[in-house]
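The following note sets out points on the packing and the side-chain interactions of the model below.

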Amino acid sequence: MYKHIIFDLDHTLWDFEKNSEETLNELIIEHQLTKLYSIDPIDFIRVYRKTNKHLWNQYNKHQISKEDLRVQRFEIVLEHFSIRDAALSSVLDHEYISRCPEKGHMIEGAKEILDYLAPNYHLHILTNGFEATQDRKLKGAHIDHYFEQVITSETLGIQKPDSRIFDYMIRLAKAKKEECLMIGDNLHTDIIGARRAKIDHVFYNPLQINHDFKVNYQIRKLIELKEIL
């Protein structure tokens, strides 16, 4: 029934948490944050994750801009540790953005499932991530060759869950809605967006979070897609 498989990227194929943690640990060491400010690396990463998630939720709801997200992210984290240093915040942001997308850690089973799907399906990426970094992530993880279309919200100025970004992807792929299947980890952006666009969807739910959404399919591991496709 399905011919076109549309993936989200961060947290679905590309292991954002592992790649981010590796990058942050490098920055903590290089900028001597533990030595100069007595910062525990585990605490720093924990605060960063919480802050980044909050800011991305705001960005996805059009409450802040890309620039706000970039400027505020490390400022808020440093302020948590009573550090008010705009220059340091800017340097950390620049170096984080330069390095993190080059990391190649993938979600468990991602490469295997892409190898499984590629011979028989048209594969695409639909992401709210920023265009320049998403392209580098795909190349850094050596998976860019799998995908026929890579659509970012930044390119169109439209973010998931707006159905128009899904409709654009479908038109670009010259597909029919009934031939498409969206796979993502975010109920708000990926699943609601797919429902609004009237295409089937798979909620990738590795942490088995409880929810009341009616979904077409739900999986805990990507390899379970073999049971659907």
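**Notes on packing and side-chain interactions**

1. The largest nonpolar core holds 48 residues, and Ile 5, Phe 7, Leu 13, Phe 44 and Phe 147 are the ones that touch the most other members. It should be kept in mind throughout that this is a predicted model.

2. Leaving out residues up to four places away in sequence, Leu 13 touches Phe 7, Asp 8, Met 106, Ile 107, Ala 110, Leu 114, Ile 125, Phe 147 and Leu 222. There is also a second, separate core of 15 residues, with Ile 165, Phe 166, Ile 170 and Ala 194 among them.

3. Leu 55 belongs to helix α3, which spans residues 41-60. Leu 55 has a relative accessible area of 1% and counts as buried, because the cut-off for that class is under 20%. Beyond its neighbours within four places in sequence, the contacts of Leu 55 are Ile 64, Leu 69, Gln 72, Arg 73 and Ile 76. Between Leu 55 and Phe 166 there are 23 Å in space, C-alpha to C-alpha, and the two are 111 residues apart in sequence.

4. Aromatic pairs number nine in this model. In one of them, Tyr 48 and Phe 74 are tilted, with 5.2 Å centre to centre and 35° between the planes. This pair links distant parts of the chain, as Tyr 48 is in helix α3 and Phe 74 is in helix α4 (residues 66-80), 26 residues apart. Tyr 48 is buried at a relative accessible area of 0%, and Phe 74 is buried at 1%.

5. Phe 74 also pairs with Tyr 96, here in an edge-to-face arrangement with 5.8 Å centre to centre and 65° between the planes. This second pair again connects distant parts of the chain: Phe 74 in helix α4 and Tyr 96 in helix α5 (residues 86-99), 22 residues apart. Both Phe 74 and Tyr 96 are buried. Taken together, Tyr 48, Phe 74 and Tyr 96 make up one aromatic cluster.

6. A further ring interaction involves a charge: the charged end of Lys 66 sits over the ring of Phe 130, at 4.9 Å from its centre.

7. Salt bridges in the model number 21. One of them joins the side chains of Asp 10 and Lys 137 at 2.9 Å, N to O. Asp 10 is in the loop between β1 (4-7) and α1 (16-30) and Lys 137 is in helix α7 (residues 131-140), so this bridge ties together parts 127 residues apart in sequence. Asp 10 is buried at 14% relative accessibility, as is Lys 137 at 7%.

8. Glu 26 and Lys 103 form another salt bridge, their closest N and O atoms being 2.6 Å apart. Because Glu 26 lies in helix α1 and Lys 103 in the loop between α5 and α6 (110-117), the pair ties together parts 77 residues apart in sequence. Glu 26 is partly exposed, with a relative accessible area of 25%, whereas Lys 103 is buried at 14%. The two also take part in a network of salt bridges that links Glu 22, Glu 26, Glu 30, Glu 95, Arg 99 and Lys 103.

9. Asp 93 and Arg 73 meet through their side chains in a salt bridge of 3.5 Å, N to O. The bridge links distant parts of the chain, from Asp 93 in helix α5 to Arg 73 in helix α4, 20 residues apart. Both partners, Asp 93 and Arg 73, are buried. Arg 73 is also among the contacts of Leu 55.

Notes: Residues numbered from 1 in each chain as written. Predicted model: local features only at pLDDT ≥ 70, side-chain atom pairs only at ≥ 80, totals over all residues. Heavy atoms only, no water. Core = buried A, V, L, I, M, F, W, Y, C linked by side-chain atoms within 4.5 Å. Buried < 20%, exposed > 50% of the residue type's maximum accessible area, 1.4 Å probe, protein only. Contact = heavy atoms within 4.5 Å. Helix = DSSP H or I, 4+ residues; strand = E, 2+ residues; numbered from the N terminus. Phe/Tyr/Trp six-rings, centres within 6.5 Å; stacked < 30°, edge-to-face > 60°. Lys NZ or Arg CZ within 6 Å of the ring centre and 35° of its normal. Salt bridge = Lys/Arg side-chain N within 4 Å of Asp/Glu carboxyl O.
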